[in-house]
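Let's take a walk through this model together. Have a look at the fold first, and then we'll stop at a few spots along the chain.

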Amino acid sequence: MQITLDDLRRLAVTRSLFAPTTLKRALQKLGFVQADPIRAPARAQDLVLRHRVKNYRAGDLERQYTKLDIQEDFFINYGFVAKSLQALMHPRSDSCVPAEGRLPWPGGRKKRAQLLLEFVRERGEVHPREVDQHFAHGKVKNYWGGNSNATTHLLDAMHYQGLLRVVRRENGIRIYAIHQHEAAPKDRAACRTRLDALIDVAIRIYAPLPRTSLAFVIRRMRFAVPQWESEMTNALQRAKQRCSHIRLDGIDWYWPDGTNSERCEPQDVVRLLTPFDPVVFDRYRFELLWGWVYRFEAYTPVHKRKLGYYAMPMLWRDRVIGWGNLSVKNRELKPEFGYLKSPPRDRAFKRELAAELDRMRTFLDLES
């Protein structure tokens, strides 16, 4: 059977948007859910999970965090990872957080971190405010040029290195405890096995991937495992060999070997997706599959925005036909839509768009 672009498009949708299940099973199936703090109308992690979890409500991930066998950590981006996946990434090398360039820690930071580690060990769990009151570390420049609390900055760095873990959040603030990982494998073959397993998870989440995107995802893996950054080129070649592959219109595409790529009819469903959803996360793949350029414009000056502050791609069946900007005012959902062309005129689309908005209201607890 000859695979077409339509087949790849459907494969991208059906692989990622599996039948809704329990929150715990969905997280284990995904392995990683990217996080983002913007609420428009909810945070990215909640918007991702609402399509894949039965009866999901905004905030359920944070409320049930301690029961889900997951951890907050950095994979190809920051988010929530299965504990089994996190175990493959640690212990990390002595490097700074990704935004700082992953350079070795300065000596002064190591001394402060050791004192802070002893403090956390004594207390069991700590709030950043409690740590700051004890040490009064002052202010530092954050990643975006503004001033951040130095204690929060150091806790963040220690968390990335694996010295601390997030046990829960209180009003969105991370509460930390000591985290001790198993010793790193010394055998080179064992290290390659771990790295390949991590890469396979990323491919599973974002497949099918054009060659450029596959290379991009694997390069991002240097944030998850900076200790193996020099292995990424060889890991890319091994990944290509493990994956199913076709060349279509001059572009090489890859997806996990053994994936069912048989043709199936798309469902009559409208889905509004967060910009960080696995279906639309890769902008290069997005343009190849759906034929238009989508950009995340939250950090674009207002007068330069074309789609909106938090434009959510609108998936109808297996086509992204436009976008929606959703806001909540006086507990009422306010949707605004844009389309590449004109909106579909068939009754099925109108019915399903209304159903998606109803699901969004339930998810946001806006029902009267």
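Start with helix H9 (residues 188–206) and helix H10 (residues 211–224), whose axes come within 10 Å and cross at roughly 130°. That angle makes H9 oblique to H10, because angles under 35 degrees count as roughly parallel, over 145 as roughly antiparallel, 65 to 115 as roughly perpendicular and the rest as oblique. The axes here are lines fitted to C-alpha atoms, for helices over the stretch in contact, with angles running from 0 to 180 degrees between N-to-C directions. As for the names, helices (H or I, at least four residues) and strands (E, at least two) are DSSP runs numbered from the N terminus.

Which residues of H9 and H10 meet? On the H9 side they are Leu 195, Leu 198, Ile 199, Ala 202 and Ile 203, and in H10 they are Leu 214, Val 217, Ile 218 and Met 221; contact means heavy atoms within 4.5 Å. By class, that contact of H9 with H10 has nine nonpolar residues, no polar and no charged. Here Ala, Val, Leu, Ile, Met, Phe, Trp, Tyr, Cys and Pro count as nonpolar, Asp, Glu, Lys and Arg as charged, and the others, Gly among them, as polar.

A quick word on the ground rules: this is a predicted model, where local features need pLDDT of at least 70 and side-chain atom pairs count only at pLDDT 80 or more, while totals for chains, interfaces and linings use all residues. Residues are numbered from 1 along each chain as its sequence is written, and side-chain values use heavy atoms, with hydrogens and water left out.

Another pair worth a look is helix H7 (residues 128–135) with helix H8 (residues 150–161), packed at an angle of about 120° with their axes 9 Å apart. H7 and H8 are therefore oblique to each other. Pro 128, Val 131 and Asp 132 in H7 meet Thr 151, Thr 152 and Leu 155 in H8. This contact of H7 with H8 is made up of three nonpolar, two polar and one charged residues.

Now head back to helix H1 (residues 5–16). Its twelve residues reach 17 Å from first C-alpha to last, close to the 16 Å expected at 1.5 Å a residue; the expected span is 1.5 Å times one less than the number of residues. Among the buried residues of H1 are Leu 8, Leu 11 and Val 13, and what covers the buried residues of H1 includes strand S9 (244–248) and helix H12 (283–290).

Beyond its neighbours within four places in sequence, Arg 9 is in contact with Leu 289, Trp 290, Asp 318 and Arg 319.

Most residues other than glycine have a negative phi, and most peptide bonds are trans. The bond from Ala 40 to Pro 41 is cis, with omega near 10°, and Pro 41 sits in the loop between strand S1 (32–34) and helix H3 (44–49). The bond from His 90 to Pro 91 is cis too, with omega near 0°. Asn 55, not a glycine, has a positive phi of about 55° and counts as exposed at 65% relative accessibility.

Conventions. Buried means under 20% relative accessible area, exposed over 50%, partly exposed in between (1.4 Å probe, protein chains only).
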